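Please keep the sequence and the model side by side while reading.

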Amino acid sequence: MSAPDYRDVESHLSSSRALTDLPEAHGTLAGALCSGEHLGVQDWLREIFPEGRAGDAEAALHAVFEWTRHVLRAGQLEFQLLLPGDETPVAERAVALGQWCQGFLYGLGSNPIPDIEDLPADIGEIVRDLTAMTRIDVDENESAEDNEQAYAELVEFVRVGVQLLHDELAPFRNAAADDNPVSLH
């Protein structure tokens, strides 16, 4: 299963009165899927659209939802963040990565999971690092090549960290799946 095309999905969001951009919306989805099994596509769409109706964007967003759920569950490190491509200036991509992390943390907190202090040390550290990354920026004193390399390393860290969080939170998701579903609201 291949990743959805960022530009196509972002275009659908922009023309459909979405409340957020794709990076934050995808981060919210990934975080919610890491912390809970019961999230449905309509729950996610209610977070993105004022009335919960995606209009022309629904098919594209349904594909994003299914792909994200599939690759996280597969556990084969196929997960990717939906972020602008390399043709976008690195400063804009860094902002999008910060938005993605912000959305992820929101989604992660949408379901009852243990306090960060009660999680294994490496998991708590990943969550703290993602929190810090919501304020990401490029270093104007560094070369473009150094900023590109730093950005690529951060994206890879987040990608692998999200898969690790998903895998490590499985026991909590399974326990919560027996309870009543909790919406993102």
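The face of helix 1 turned away from its buried side carries the exposed residues Arg7 and Ser15. Exposed here means over 50% relative accessible area, buried under 20%, and partly exposed in between, with a 1.4 Å probe and protein chains only. Helices are DSSP runs of H or I with at least four residues, numbered from the N terminus. The model is predicted: local features need pLDDT of at least 70, side-chain atom pairs count only at pLDDT 80 or more, and totals for chains, interfaces and linings use all residues. Residues are numbered from 1 along each chain as its sequence is written, and side-chain values use heavy atoms, with hydrogens and water left out.

Helix 1 spans residues 6–15, and Tyr6, Val9, Glu10 and Leu13 are buried in it. Viewed down the axis of helix 1, these buried residues fall within an arc of 100°, so they line one face of the helix. The arc is taken from the directions from the helix axis to the C-beta atoms. Their cover includes helix 2 (22–35), helix 3 (41–48) and helix 4 (58–74).

The loop between helix 1 and helix 2 is the place of Ser16. Ser16 is buried, at a relative accessible area of 13%. Neighbours within four places in sequence aside, Ser16 is in contact (heavy atoms within 4.5 Å) with Phe49, Ala54, Asp56 and Ala57. Arg17, which also follows helix 1, has a positive phi, near 60°.

Next come the aromatic rings. Rings of Phe, Tyr and Trp (its six-membered ring) pair if their centres lie within 6.5 Å; planes under 30 degrees apart count as stacked, over 60 as edge-to-face and the rest as tilted. By this rule there are four aromatic pairs. The ring centres of Trp44 and Phe65 are 6.4 Å apart and the planes stand at 35°, so this pair is tilted. Trp44 belongs to helix 3 and Phe65 to helix 4, so the pair ties together parts 21 residues apart in sequence. Trp44 is buried, with a relative accessible area of 0%, and Phe65 is buried too, at 2%. Ring pairs also link Trp67, Phe79, Trp100 and Phe104 into a cluster.

The structure holds one cavity of 30 Å³ or more. The largest cavity is lined by Leu33, Gly36, Glu37, Arg69, Arg73, His166 and Arg173. This lining divides into one nonpolar, two polar and four charged residues.

Conventions. Helices (H or I, at least four residues) and strands (E, at least two) are DSSP runs, numbered from the N terminus. On a 1 Å grid over the protein atoms alone, a cavity is a set of points where a 1.4 Å probe fits but cannot get out, and a pocket is an open set with protein on both sides within 12 Å along at least five of seven lines; lining residues have an atom within 4 Å of a point. Grid points are joined across faces, edges and corners, and a volume is the space filled by probe spheres set on the points. Ala, Val, Leu, Ile, Met, Phe, Trp, Tyr, Cys and Pro count as nonpolar, Asp, Glu, Lys and Arg as charged, and the others, Gly among them, as polar.
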